[in-house]
Amino acid sequence: MKIAILAAALLTVSAGASGVATPQPAAAVCRTDSTATVAAAPVKVWMAGDSTMMNAGSCPIGWGSQFGSYLTADATVQNSAVGGRSIQTWLYEGNVTSTKNAAGECTLSSTAYSSRWTAMLNGFVAGDYLIVQFGINDGDTACPRHVGSARFKELLGVMATAAKAKGVKPIFVTPVAAITCSGSTAVGNRGFVTETKAAASANGVPVIDLHARSVALYNSLRLCPNNGDYTSGAVGAFFCNDHTHFEAAGARQIAGLIATALREQGIPLAAYLK
């Protein structure tokens, strides 16, 4: 009897203006707006950084060249990382002189941006993402690569502000660690980690601490101790013939750290991960 009453009630709710009841599929009756799936709008992920991020077919292979394999077809990668660049030489290619000013910063012959940054600014579309990782070459004591702490934070802010003005969402990444061992333990070895985090906080930008995550990865893979031989074993499979740059297998694992961080930190780009 209860089943019959319930069936009648459902038919009454679904009756049209004519009063004729039209049976509804169970899914249509039970569906709510909260269960609807919204397709992700296509986006581009722009990348700015140095050799540890850049595209390459052989050593050194940057992790940025491997990041696209973690993304769905709705996201494409435009990797403009270039080897040997500090944040300032990347932004002002050809205009950073070998002379330091009174503050100890390399002077600019012109404030005109590099073609790569101009191309980004012209290509940005609202909803895109910008991933920025510098700090490995910036610690050089000589110009043109030298960048001081305050200047480094200032230029990260310049990039974040410009991206946000275009509706693009910046993400800062601390510099990936090289493999440095203290006995059987991998240890941190990069500068500008604190500066990257401070600039992220000052500009309201999410930051991924790739430096700490990469050190933790090296320890989980037991890449230490190491006698300085980067050509064989687990270290040789991960790194080029140095302690800094990556083989393809290493670059893929570093890119995987970024993907993991996006999910763990709830950064919206995670919606485009496979």
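When I say that two residues touch, I mean that they have heavy atoms within 4.5 Å of each other. By that criterion, and not counting residues up to four places away in sequence, Tyr218 touches Val176, Ala177, Ala178, Ile179, Ala186, Leu223, Phe238, Phe239, Phe246 and Ile254. Please keep in mind that this is a predicted model, in which local features need pLDDT of at least 70 and side-chain atom pairs count only at pLDDT 80 or more, while totals for chains, interfaces and linings use all residues. Residues are numbered from 1 along each chain as its sequence is written, and side-chain values use heavy atoms, with hydrogens and water left out.

Let me turn to the sheet, taking helices (H or I, at least four residues) and strands (E, at least two) as DSSP runs numbered from the N terminus, and calling two strands paired if DSSP finds at least two bridges between them. Five strands, in the order β2-β1-β5-β6-β9, form an open sheet with parallel pairing, and its edge strands, β2 (75-79) and β9 (207-208), each pair on one side only. Within the sheet, β1 (residues 43-49) is joined to β5 (residues 129-133) by five bridges, and Gly49 stands opposite Gln133 in β5.

Next, the core, by which I mean a set of buried Ala, Val, Leu, Ile, Met, Phe, Trp, Tyr and Cys residues joined through side-chain atoms within 4.5 Å, where buried is under 20% relative accessible area, exposed is over 50%, and partly exposed is in between (1.4 Å probe, protein chains only). The largest nonpolar core has 43 residues, and Tyr218 is among those with the most contacts inside it, as are Trp63 and Phe67. Helix α10 (248-264) is one of the elements that give two or more residues to this core, and α10 gives the most, with eight residues.

Finally, the charged pairs: the structure holds six salt bridges, each being a side-chain nitrogen of Lys or Arg within 4 Å of a carboxyl oxygen of Asp or Glu. In one of them, Glu93 pairs with Arg116, their closest N and O atoms being 3.0 Å apart. Because Glu93 lies in the loop between α4 (87-91) and β3 (96-100) and Arg116 in helix α5 (residues 115-123), this pair ties together parts that are 23 residues apart in sequence. Glu93 counts as partly exposed, at 34% relative accessibility, whereas Arg116, at 18%, counts as buried.
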